[in-house]
Amino acid sequence: MTDKTMTPEDVVARLRSGMTLGIGGWGSRRKPMALVRALLRSDVTDLTVVSCGGPDVGLLAAAGRIRKLVAPFATLDSIPLEPHFRAARQAGSFTLMEIDEAMFMWGLHAAANRLPFLPVRAGLGSDVMRVNPALRTVTSPYADGETLVAVPALRMDAALIHLNRADRLGNGQYLGPDPYFDDLFCEAAESAYLSCERLVDTAGFAAAPPQTLLVKRHVVTGVVETPNGAHFTSCVPDHGRDEPFQKLYATTPWPQFAERFLSGADEKSYQSAVQAWREETR
């Protein structure tokens, strides 16, 4: 057995410019924000990002770190369109492969199973095929002869996810209402890094409902304990979305927001800056 615990800085030290990076969670829900913030403190850039986009995409886009984005959406949930993503996209700062959510899921499945593609019906008869001219169709080799979309595998060099609990070996548990695609991100990537609200003993998982034990240690490269590390996104039941801070993020010019909240040396500096802002607004 191997202790896989790391710091956010240890994780980022393993990432390189030009990588394809997967980021788990969904919109403004259970995003590995502490790891994304650590990435922003590095010089890693020119990334292809694969994500059900939320503020992870917004932060990286605003900072000019994304070369290409593969996503079905980019939203803050209670704010329908991620504003920093929108601004960067309108400025032509990166290229976008926008695909249907089902296509996104099967692209992850294909990569997790080391297949070049998987056939799906999603996307047929829609503008997905028009805006993604590189997508191809295949014909079923069986009697039905059906035409299907060949969704390419969404292979990734590394993946970042955030869960409620994990042990030092890399087993991860979610306690909220939805696993999202976090397990697929880990299986589809060459390396995967799991941040969690709290590290627990492996024995503590014995009484847990089996379906909550989402991520297995054999697909995890490193584990980072980051209490409140999903902030300002939700990580139910540990904490909900910080709606006032999310509104601040969405309405503050990027240079001003980055200077106040993202210019510190580490995650502790970010959490302290958030606490100071909270005390000011009471």
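Analyst: The structure, which is a predicted model, holds 14 salt bridges.

User: Which residue meets Arg168 in a salt bridge?
Analyst: Asp3 does; the two side chains come together at 3.6 Å, N to O. Arg168 sits in the loop between strand 8 (156–166) and strand 9 (172–173), and Asp3 in the segment before helix 1 (8–13), so the pair ties together parts that are 165 residues apart in sequence.

User: What about Asp77, which residue does its side chain meet in a salt bridge?
Analyst: Arg29, at 3.1 Å, N to O. This pair links distant parts of the chain, 48 residues apart: Asp77 is in the loop between strand 3 (66–71) and helix 4, and Arg29 is in the loop between strand 1 (20–23) and helix 2. Asp77 is partly exposed at 24% relative accessibility, and Arg29 is partly exposed at 28%.

User: And Glu243, what does its side chain meet?
Analyst: The side chain of Arg241, in a salt bridge of 2.8 Å, N to O. Salt bridges that share partners join Arg29, Asp77, Arg241 and Glu243 into one network. Glu243 counts as partly exposed at 33% relative accessibility, as does Arg241 at 21%.

User: New topic. How many residues of helix 2 are buried?
Analyst: Eight of the eight, so helix 2 is largely enclosed by the rest of the structure. The buried residues are Met33, Ala34, Leu35, Val36, Arg37, Ala38, Leu39 and Leu40.

User: At what angle does helix 2 pack against helix 3?
Analyst: About 5°, and the axes of helix 2 (residues 33–40) and helix 3 are 10 Å apart. That angle makes helix 2 roughly parallel to helix 3.

User: Which residues meet there, between helix 2 and helix 3?
Analyst: From helix 2, Met33, Val36, Leu39 and Leu40; from helix 3, Pro55, Asp56, Leu59 and Leu60. The residues of this contact divide into seven nonpolar, no polar and one charged.

User: Now helix 9. Which of its residues are buried?
Analyst: In helix 9 (residues 254–261) the buried residues are Trp254, Phe257, Ala258 and Phe261. They cover an arc of only 95° around the axis, which puts them on the same side of helix 9.

User: What is on the face turned away from that buried side?
Analyst: The exposed residues Pro255, Gln256 and Glu259.

User: And what covers the buried residues of helix 9?
Analyst: The cover includes helix 3 (55–62), helix 4 (83–90), helix 8 (243–251) and helix 10 (267–280).

User: Last topic, the backbone. Where are there cis peptide bonds?
Analyst: One joins His231 and Phe232, with omega about 15°. Another runs from Val236 to Pro237, with omega near 5°. Phe232 lies in the loop between strand 11 (222–225) and helix 8, and Pro237 is in the loop between strand 11 and helix 8 as well.

User: Why point those out?
Analyst: Because most peptide bonds are trans, and most residues other than glycine have a negative phi.

User: Which residues other than glycine have a positive phi, then?
Analyst: Among them are Asp46, with phi of about 60°, and Arg114, with phi near 55°. Asp46 lies in the loop between helix 2 and strand 2 (47–51) and is partly exposed at 35% relative accessibility. Arg114 is in the loop between helix 5 (101–112) and strand 5 (117–120), and is partly exposed at 46%.

How values were computed
Residues are numbered from 1 along each chain as its sequence is written. This is a predicted model: local features need pLDDT of at least 70, side-chain atom pairs count only at pLDDT 80 or more; totals for chains, interfaces and linings use all residues. Side-chain values use heavy atoms; hydrogens and water are left out. Buried means under 20% relative accessible area, exposed over 50%, partly exposed in between (1.4 Å probe, protein chains only). Helices (H or I, at least four residues) and strands (E, at least two) are DSSP runs, numbered from the N terminus. The arc is that of the directions from the helix axis to the C-beta atoms. Contact means heavy atoms within 4.5 Å. Axes are lines fitted to C-alpha atoms, for helices over the stretch in contact, and angles run from 0 to 180 degrees between N-to-C directions. Angles under 35 degrees count as roughly parallel, over 145 as roughly antiparallel, 65 to 115 as roughly perpendicular and the rest as oblique. Ala, Val, Leu, Ile, Met, Phe, Trp, Tyr, Cys and Pro count as nonpolar, Asp, Glu, Lys and Arg as charged, and the others, Gly among them, as polar. A salt bridge is a side-chain nitrogen of Lys or Arg within 4 Å of a carboxyl oxygen of Asp or Glu.
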